Amino acid sequence: MATARMTQRQQLFRTDFRAKVAKAYNGWLHVTLIAAIGLAAIWYCARQVTHPAWYEWLVVPVAFAISNVFEWWIHKYVMHRPVRGLMGIYRRHTLAHHQFFTDVEPTFDTARDFRIVFFPPYALVAFIVLSIPPAAILNAVGFGNAGWLLLVTNVALYLNYELFHFCCHVKDDSLVRRIPLVNSIRRHHIAHHDPVIMMTRNFNLTYPVADWFFDTSDLKCGLVSHVFNGYSDRHVRLK
Ligand SMILES: [Zn+2]
Ligand SMILES: [Zn+2]
């Protein structure tokens, strides 16, 4: 992770990208906006839940599983592939995020670099809007509480994604390396920033469940070992 080993190409990209970030950009304001929108949505939706039946809680693990596959799918098939109509996402991820961060230098220097880590706040708004139709369908068929619980779960997982991705790119990992789950995803994601495997491996950003299930992980081991792997390279397969 030494800066000294950063290639000239990465160094040049960083200099160029930083010069283009608007002077008025404030990284902490960016984070605060995402957190405020997300937490307000969770607070509002949670207040609508009243005495849910036990089976309505089942929407939480189902939403977790679908979100985990969605996170894997969009990363593999949209963020790393030029899809017509969604080119902005490809450019932002493959042609910017992956040039700014490599497995050799995967960390940001200042809060202005948050611009390349967090999604723009409107992405969260779009995600909430996309979550409304399935919640409305649940409501229409008599499972109103399940609908609100679905919205709470989806928004919480979105914030979870942003937080974990941030933890993957922080410079000082003296704390992160000790936190179970977070340390696993940090190693998992930094390995994904290796240009050699970025198109084929390690697409999850929260918990590497879909990567394990679809065999797109750089680890060769079971699900529990994946999720609690930490920084270990014992199960890393050859490229
Ligand atoms: Zn990243
Ligand atoms: Zn990627």
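**Aromatic pairs and their classification**

Analyst: In this predicted model, F70 and W73 both belong to helix α3 (residues 59-79), where 3 residues, about one turn of the helix, separate them.

User: How many aromatic pairs does a search of the whole structure find?

Analyst: The search returns 22 aromatic pairs.

User: Why is the pair of F70 and W73 called stacked?

Analyst: The ring centres of F70 and W73 are 6.2 Å apart and the planes meet at 25°. Pairing requires centres within 6.5 Å, and planes under 30 degrees apart count as stacked; therefore the pair is stacked.

User: What makes F70 partly exposed?

Analyst: The relative accessibility of F70 is 34%.

User: Why does W73 count as partly exposed?

Analyst: W73 has a relative accessible area of 39%, so the range between 20% and 50% applies to W73.

User: How do you know that the pair of F119 and Y158 is tilted?

Analyst: Their centres lie 6.4 Å apart, with 45° between the planes. Stacked needs under 30 degrees and edge-to-face over 60, so the pair of F119 and Y158 is tilted.

User: Where in the chain do F119 and Y158 lie?

Analyst: F119 is in the loop between α4 (87-100) and α5 (121-140), and Y158 is in helix α6 (residues 144-169). The pair links distant parts of the chain, 39 residues apart.

User: Why is Y158 called buried?

Analyst: Y158 has 9% relative accessibility; buried means under 20%, so Y158 qualifies. F119, at 22%, is partly exposed.

Definitions and conventions
Residues are numbered from 1 along each chain as its sequence is written. Chains are lettered from A and ligands numbered from 1 in the order in which they are written. This is a predicted model: local features need pLDDT of at least 70, side-chain atom pairs count only at pLDDT 80 or more; totals for chains, interfaces and linings use all residues. Side-chain values use heavy atoms; hydrogens and water are left out. Rings of Phe, Tyr and Trp (its six-membered ring) pair if their centres lie within 6.5 Å; planes under 30 degrees apart count as stacked, over 60 as edge-to-face and the rest as tilted. Helices (H or I, at least four residues) and strands (E, at least two) are DSSP runs, numbered from the N terminus. Buried means under 20% relative accessible area, exposed over 50%, partly exposed in between (1.4 Å probe, protein chains only).
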